[in-house]
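Hi everyone, thanks for making time. I have one model to walk you through today, so please take a look at it on the screen.

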Amino acid sequence: MSELRPQDVGSLGRRIVGTAGTTVVIALAYLFIFLPVVVLVLFSFHDGRVPVPPFQGPTLDWYKMILGDDRLMSATGHSVGIGLASAFLSTLLGFLAAFGLARHAVPGAGFLRWFLVLPLTVSYLIIGIGLLIALSYTGLPKSLLAVMIGHVVINLPLAFAICFSQLGGHQVVYERAARDLGASEGQVLMRITVPMMWPALFASFCLCFTFSWDEFVIAFFLSNFDVTLPVEIWSMLRTGLNPMINAAGTLVFLLSLISFLAFEILIFGKRARHGRTAPEA
């Protein structure tokens, strides 16, 4: 075995210190990001009236109270329904807009692309106020329908950006081949483009649902007596902190996590299957 030279020892020491430093920084970053979530979930099982240390429990009483609270359950149903509807409409409209701009020579296509993603740069507060004024002018009152429209407005640019980025040239070859074989434009779209775009469409749907599910500002401006879950949680916060609010917040986080995991399983599962079936060079 060859002996380590002094310069090799120094290089090894620098690598160890660099790796340790990187690990510490990453650990601190994760701690900063996830510590509030851990505290939220932990104190949703707190057996006490106020969610403050020391932790007492665990107990499921606060979750039982949530399940028995008609207003919270109604708000949860509203959030799920609005999230599904707005995610579906945003994905559908975003895909159609992306397909039209990617496959056809549209005058002013660059401006239209910029205009479609513009809401991503605008504050939700500004969008909410603008929608409130615009919908009031058209005679549409504050309602869950107005909230759903508002969520489509903020999610459509995201869906368009995801779909447009995945409409690559490799799909054009298959679309042209289908047309040469006699397929109509509708058949090309539904039998060629949509199946090839399925991961992007599903990712768009999941992200749009997640953003709609826990969105507060626009829902607060545009809802009336029927509210979404984030607005109901805000109403509960006005009376002070209690573990029931932690349990409701955990419910919001859990559904967002499920949506994210569904996206991860589909996308990375598809990549893993493609990796196993790819021919060797």
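Let me begin with a question: what percentage of the 281 residues of the protein chain count as buried? It is 33%, where buried means under 20% relative accessible area, exposed over 50% and partly exposed in between, with a 1.4 Å probe and protein chains only.

A quick note on the source: this is a predicted model, where local features need pLDDT of at least 70 and side-chain atom pairs count only at pLDDT 80 or more, while totals for chains, interfaces and linings use all residues. Residues are numbered from 1 along each chain as its sequence is written, and side-chain values use heavy atoms, leaving out hydrogens and water.

Now the fold. The protein chain has 12 helices and zero strands; these are DSSP runs, H or I of at least four residues for helices and E of at least two for strands, numbered from the N terminus.

On to the aromatics. Rings of Phe, Tyr and Trp (its six-membered ring) pair if their centres lie within 6.5 Å, with planes under 30 degrees apart stacked, over 60 edge-to-face and the rest tilted. That rule gives 12 aromatic pairs. One of them is Tyr30 with Phe34, stacked at 5.9 Å centre to centre and 10° between the planes. Both sit in helix α1 (residues 6-42), four residues apart, so about one helical turn separates them.

Phe220 and Trp234 are edge-to-face, because their planes are at 70°, with centres 5.0 Å apart. Phe220 lies in helix α10 (residues 217-222) and Trp234 in helix α11 (residues 229-237). Together with Phe216 and Phe221, they form one aromatic cluster.
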